[in-house]
Amino acid sequence: PKITYIEHNGTEHVIDVATGLTVMEGAVRNLVPGIDADCGGACACATCHVYVDPAWADKTGSREAMEDSMLDFAEEVQETSRLSCQIKVSDELDGLVVRMPQNQG
Ligand code: FES
């Protein structure tokens with residue numbers, strides 16, 4: 001599935017991410033800047049914060065409780081904020097658009 005990652009400065013990266021990886025892994029493995037992922041995907045750092053395009057909110061689902069509390073440590077959290085290590089890539093998410101915040105934590 002193709003995922004579009006948009007940096008805070010507007011630079012777009014369209015990446016083909018393998019099913020089963022997370023949105024975070026898709027960025028890190030392809031050297032897309034803007035996602036730090038300090039904890040490596042354990043939902044314990046909040047430095048993989050992204051904004052999910054509102055058109056995709058239904059498909060990406062909602063935050064788990066732990067994700068929700070970790071987001072307290074992120075900056076400029078919005079309604080659409082998610083931790084990208086908690087979004088698993090599936091064929092359903094082909095075309096997903098996420099935007100990176102200005103800073104990670
Ligand atoms: Fe640390 Fe997602 S990588 S919370």
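**Reading the fold of a predicted chain**

Analyst: Of the contacts in the chain between residues at least 6 apart in sequence, 68% join residues at least 24 apart. Two residues are in contact if their C-beta atoms, placed from the backbone, lie within 7 Å. The structure is a predicted model, in which local features need pLDDT of at least 70 and side-chain atom pairs count only at pLDDT 80 or more, while totals for chains, interfaces and linings use all residues. Residue numbers start from 1 along each chain as its sequence is written.

User: How many helices and strands are there in the chain, and which pattern do they follow along the sequence?

Analyst: Both element types are DSSP runs numbered from the N terminus: helices are H or I with at least four residues, and strands are E with at least two. The chain has three helices and five strands, arranged along the sequence as β-β-α-β-α-α-β-β. The radius of gyration is 12 Å, close to the 13 Å of the globule rule for 105 residues, so the chain is as compact as a globular protein of that length. That radius is taken over C-alpha atoms, and the rule is 2.2 Å times the number of residues to the power 0.38. Along the principal axes, the C-alpha atoms fill a box of roughly 30 × 25 × 25 Å.

User: In which order do the strands stand in the sheet?

Analyst: Strands of a sheet pair through backbone hydrogen bonds, in either a parallel or an antiparallel sense. Here two strands count as paired if DSSP finds at least two bridges between them. The five strands form an open sheet in the order β2-β1-β5-β3-β4, with mixed pairing. Strands β2 and β4 stand at the edges with a single partner strand each, so one side of each has no neighbour in the sheet. From one strand to the next, the twist averages 35°; the axes are lines fitted to C-alpha atoms, for helices over the stretch in contact, and angles run from 0 to 180 degrees between N-to-C directions.

User: Which of the pairings are parallel or antiparallel?

Analyst: β1 and β5 run parallel and are joined by four bridges, with T4 opposite V97 in β5. β1 and β2 run antiparallel through five bridges, with K2 opposite D16 in β2. In the hairpin of β1 and β2, five residues lie between the strands and G10 takes a positive phi near 100°. β3 is antiparallel to β4 (residues 81-83) over three bridges, and V50 stands opposite R82 in β4. β3 is also antiparallel to β5, over two bridges, where Y51 stands opposite R99.

User: Which residues have the most contacts inside the largest nonpolar core?

Analyst: In soluble globular proteins, nonpolar side chains tend to be buried together. A nonpolar core is a set of buried Ala, Val, Leu, Ile, Met, Phe, Trp, Tyr and Cys residues joined through C-beta atoms within 7 Å. The largest such core has 24 residues, and I3, V23, M24, I35, C48, V50 and V98 have the most contacts inside it. At least two of its residues come from each of β1 (2-6), α1 (23-29), β3 (49-52) and β5 (96-99). Over the chain, buried residues make up 32% of the 105 residues.

User: Which way do the residues of β3 point?

Analyst: In a regular strand, side chains alternate between the two faces of the sheet. In β3, H49 and Y51 point one way and V50 and V52 the other, and all are buried. Not counting residues up to four places away in sequence, V50 touches V23, I35, R82, S84, V98, R99 and M100.

User: Where do the residues A46 and E76 lie?

Analyst: A46 lies in the loop between α1 and β3, and has a positive phi of about 70° although it is not a glycine. A46 is buried because 24 other C-beta atoms lie within 10 Å. E76 lies in the loop between α3 (65-70) and β4; its phi, near 50°, is also positive in a residue other than glycine. E76 counts as exposed because it has 10 C-beta neighbours inside 10 Å.

Technical notes
Buried ≥ 20, exposed ≤ 12 C-beta atoms within 10 Å, placed from the backbone.
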